[in-house]
Amino acid sequence: MIERAGSHRLRALRSTVLSTLACAALLWADGALAQSPEDILMYRGPDREQKLIEGAKREGQVVIYAALIQNQAMRPIADGFGKKYPFVKLTTWRADSEDIVQKAAAEVRAHNVVADVVEGTGAGEEAVEANIAQPYYTPAVAGFAPAYRNPTGLWAPTRLSYYGTAYNTKLVAPDKVPKSYEELLDPQWKGRMAWRIGSATGTPLFLTNLRIAWGEEKARAYFDKLKDQKIVNFGAGSARTLVDRVIAGEYAIALNIFAHHPLISKAKGAPVNAQVMDPVATTAATMSVVKGLHHPHAAMLLADYILSKEGQGILARAEYFPVDPDVAPLPALAPIVPKIAGVPENFVGPDKLIKYTDSSEDIYQKLFR
Amino acid sequence: MRPVSFPSSTNDHDGWARLRMSPLVALIAAILLILILPPTLFLIDTSLHTTKPDGSLGAFTLQYYRQLFTSPYLAASLRNTVIYAIGSAVVAITLGSTAALIVERTNAPGRGYAFLAAILSLGVPHVLYVVAWLLLLGRAGPVNALIGFIGGAAEGPALDVYSIWGMIVIEGVGFAPLTFLLMSAVLRSTDASFEEAAMMSGAGPLRVFRAITLRMGLPGILALLLLIFIRAFESFEVPALVGLAGNVSVLTTDIYQSSKNASLPSYGESGAYSVCLLLIVVLLLIWHHRLSVHARRFQTITGKGYRPRIIDLGRARLAATLVLAATFVLVTALPVGMLVFTSLQPFYEGLTAESFARFTLDNYATILAPGAFRDSIANTLMLGISTATAVVPLTALCAWLAVRRRPGAWLLDQIATAPLVFPAIVMSVAFLQVFVNLPIPLYGTLTSVIIASAVRFLPYGMRYAYAGVLQIHEDLEDAAKTSGAPPRLVFVRVVLPLVAAALVSCWLFVFLLAVQNVALPLMLVGPGTEIMAVTLFDLWQNGQVTELAAMGVLWVALMLVVSACFHFTAARYRLGV
């Protein structure tokens with residue numbers, strides 16, 4: 001009896017093993033037919049778009065974590081994308097770059113990946129540092145200036161930011177406006193200038209920009225003089241908030257703010273203006289694809305769309321600066337674009353931002369805190 | 001065999017009750033621990049390890065503690081922090097207690113509106129509250145303009161709000177509504193017969209206040225002091241927005257300024273600071289526990305008719321109303337008025353003559369653009385309601401067990417108070433790690449946000465409930481027990497109705513805190529689940545101050561509607577809010 005039962009069990013086991021093997025073989029065949037996510041992301045064939053659409057139809061959705069303003073930028077992008085690819089449901093999550101990468105990294109480590117694509121200023125290189133970015137190919141960046149592009153394909157630039165100073169026009173006479181970094185050393189500005197701390201694109205960027213453009217020695221000599229100006233360290237609150245403080249007359253000048261913000265307020269009649277200086281610090285917001293993503297086809301369609309002329313146009317209308325040279329920025333904001341203003345720009349790319357931020361932060365701690 | 005010594009107290013519970021209650025305490029302790037241990041362990045872990053770029057923990061290190069204690073700014077920051085904490089506690093308690101005393105104990109006309117005013121100011125998100133005060137007291141603000149007008153043009157602003165006094169005033173005034181509500185809960189349930197007896201014996205009102213009212217309410221006041229003190233030690237908005245700009249550094253901003261790697265996550269230093277704060281809080285709570293060993297002395301709701309009687313102020317009634325009105329102006333009307341004014345401006349340039357000619361509704365048009373609040377309001381209300389509904393009964397039970405000194409119940413108070421010191425960012429990252437790794441699919445759901453939010457606001461519920469329960473004399477429960485009611489029934493039928501008023505205010509309070517919290521839900525909520533806080537976040541990141549103000553005004557209006565509905569519902573069931 002016992003033996004019987006044993007052989008019976010053995011037979012059952014054998015059939016289980018066989019059927020498992022058969023299933024595995026089928027799955028393997030299926031896997032060989034369908035491509036791995038890596039293949040899909042890097043695919044360059046002429047039928048790329050067709051393949052992506054077919055795959056995206058099966059996937060049915062895509063998830064982006066983005067630092068884009070929800071109402072003016074992300075919704076129009078979602079609407080446009082939805083019209084073009086109605087079979088893909090786009091869901092978004094909005095936070096700032098640091099949180100975006102934190103959340104995506106936590107998902108990757110827990111093998112519980114929700115995000116397909118991440119976007120934000122600093123998001124690209126942070127994703128690379130956190131080892132959650134996966135290389136991808138998109139033909140959309142072909143027309144972008146080579147300086148803005150990443151040769152490894154770990155990120156692509158989505159929008160640009162230009163930095164300058166904001167000044168209160170009631171507190172700073174037109175002939176007194178500092179037009180160069182040297183003129184910021186004028187004693188009349190002592191204690192009347194502020195800059196934003198606590199963000200990589202705040203004080204560290206201001207210092208990094210000059211260190212790269214001028215070299216360490218010249219930059220250091222300049223910082224030694226600048227420290228006597230007793231710049232106010234503006235904590236918590238965005239760069240936009242700092243501009244609002246300049247408008248309110250709390251500070252005469254704000255350094256290293258987004259140069260287009262004063263223009264938006266100036267158009268409403270606010271006593272404020274922007275000044276860009278040689279060299280203008282420029283940064284790019286970047287987009288990466290997350291390792292272990294579930295919707296590679298749809299993710300590629302989304303990346304293509306955001307980088308397309310249509311997507312870049314939407315971003316431009318939301319008061320961002322497009323990377324695509326064929327898409328014009330809003331006319332009201334154009335005056336601070338370095339190319340249009342005729343002022344040289346210094347593109348502090350994601351790699352440089354990562355490389356220099358810590359040491360610039362050290363300089364800040366030693367001299368300006 | 002040595003004789004077993006029994007506690008001599010006649011009020012001690014019999015062994016039966018002890019056995020019956022202990023499992024309950026153990027059960028609640030277990031629930032609380034499940035909720036609170038993960039973020040606590042994460043906090044301790046982050047303080048002892050470096051953080052890698054992907055947010056995981058690296059090598060073991062003591063560097064964060066070393067940095068904390070060897071910072072060249074430590075002495076100055078610590079001094080500032082203590083001054084700031086004491087100062088703001090004094091401001092808050094003075095304002096809040098005075099108002100509470102007038103409202104609960106006198107017949108000053110119009111006192112009923114004080115609650116509405118308190119709720120109105122609790123509805124203003126804290127960050128916006130600080131911004132409103134900065135607009136008021138700033139260099140271009142109306143206060144400086146007024147001083148300049150009276151005193152003539154002087155060099156620079158007459159009042160520099162970016163200073164330690166500015167921080168104390170803004171934080172203290174901001175906390176006044178909370179102290180008012182908590183003190184009202186204390187006073188409402190204090191037996192007035194002692195005060196009357198004192199008055200009959202010829203004591204003046206001040207003497208009565210000092211010798212009776214203050215003493216009777218001492219545990220409640222101390223608990224409140226503790227809360228404000230700890231809050232001030234871990235507060236960030238006021239130190240960052242007010243202090244940093246004036247170069248006044250406190251411990252939290254010191255850490256903020258010292259955490260390098262602005263581009264990559266680093267929680268080590270704030271983790272180390274929070275662990276130190278946690279230890280301090282435990283010590284303070286043990287001290288508070290010792291103090292309320294004699295809690296029975298303060299129990300004022302006894303078997304006798306306890307409802308406090310109102311003191312007739314006579315002619316001083318109007319003066320009391322004026323004091324209330326002045327408090328209202330300071331705490332609520334000025335900041336909210338400033339928000340309203342700013343929200344109607346195309347840009348904020350101070351309260352100038354020209355600015356009155358520039359009123360516009362553009363900001364409201366921007367805020368109310370189609371789709372801006374799609375789905376978010378329902379989610380937000382859900383978050384607030386669920387959080388408050390989860391927190392209130394749990395803390396009421398904990399507080400009752402703790403006050404009645406059920407075996408081991410003192411632990412409940414300790415555990416439930418711990419989240420008070422968790423920095424919002426560390427807490428949200430901790431919960432992110434927990435939920436994303438859970439085998440059950442909670443990650444990204446509204447439920448996960450509610451759980452985290454409930455943990456975050458447990459301490460507030462706890463202090464509120466504690467103040468309420470502390471003053472109920474055991475006689476009432478004993479009477480019920482003697483009549484054969486089991487403990488469960490005693491709690492539901494005797495304790496709950498007596499503390500109902502305090503709990504109803506507590507619910508509303510937790511609700512208001514939960515819906516305006518930005519940092520915590522942001523990190524936990526999944527794509528597609530929008531909560532109002534995200535719209536607020538967008539504005540905070542990119543909005544102009546005028547748009548932010550418009551958002552604030554709408555928010556306050558919404559909260560007012562919610563609170564009013566709540567108020568009337570509660571009034572119908574005779575639960576004063």
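What share of the contacts in chain A with a separation of 6 or more comes from residues 24 or more positions apart? Such residues account for 79% of those contacts, where two residues are in contact if their C-beta atoms, placed from the backbone, lie within 7 Å.

Before going further, note that this is a predicted model, in which local features need pLDDT of at least 70 and side-chain atom pairs count only at pLDDT 80 or more, while totals for chains, interfaces and linings use all residues. Residues are numbered from 1 along each chain as its sequence is written, and chains are lettered from A and ligands numbered from 1 in the order in which they are written.

Select chain A to begin. Its C-alpha atoms fill a box of roughly 100 × 45 × 35 Å along the principal axes, and its secondary structure comes to 14 helices and twelve strands, these being DSSP runs numbered from the N terminus (helices H or I, at least four residues; strands E, at least two). Of the 369 residues of chain A, 51% count as buried; a residue is buried if 20 or more other C-beta atoms lie within 10 Å of its own, exposed if 12 or fewer, and partly exposed in between, with C-beta atoms placed from the backbone.

Next, select residues 48–59 of chain A, which form helix H3. Here A:Leu52, A:Ala56 and A:Glu59 are buried, and because the buried residues fall within an arc of 55° seen down the axis of H3(A), they line one face of the helix; the arc is that of the directions from the helix axis to the C-beta atoms. What covers them includes strand E1 (61–66) and helix H11 (296–307) of chain A. On the face turned away from the buried side, look for the exposed residues A:Gln50, A:Glu54 and A:Arg58. Just after H3(A), A:Gly60 takes a positive phi of about 75°.

Now move to chain B and select residues 446–470, which make up helix H19. Since 23 of its 25 residues are buried, H19(B) is largely enclosed by the rest of the structure. H19(B) bends by about 45° at B:Phe457, and B:Pro459, a proline, follows within four residues; the bend is the angle between axes fitted to the seven residues ending at a residue and the seven starting there.

Finally, show both chains together: the contact takes 49 residues from chain B and 58 residues from chain A. Among the elements that give two or more residues to the side of chain B that touches chain A are helix H18 (424–437) and helix H23 (532–542) of chain B.

Notes
Expected span 1.5 Å × (residues − 1).
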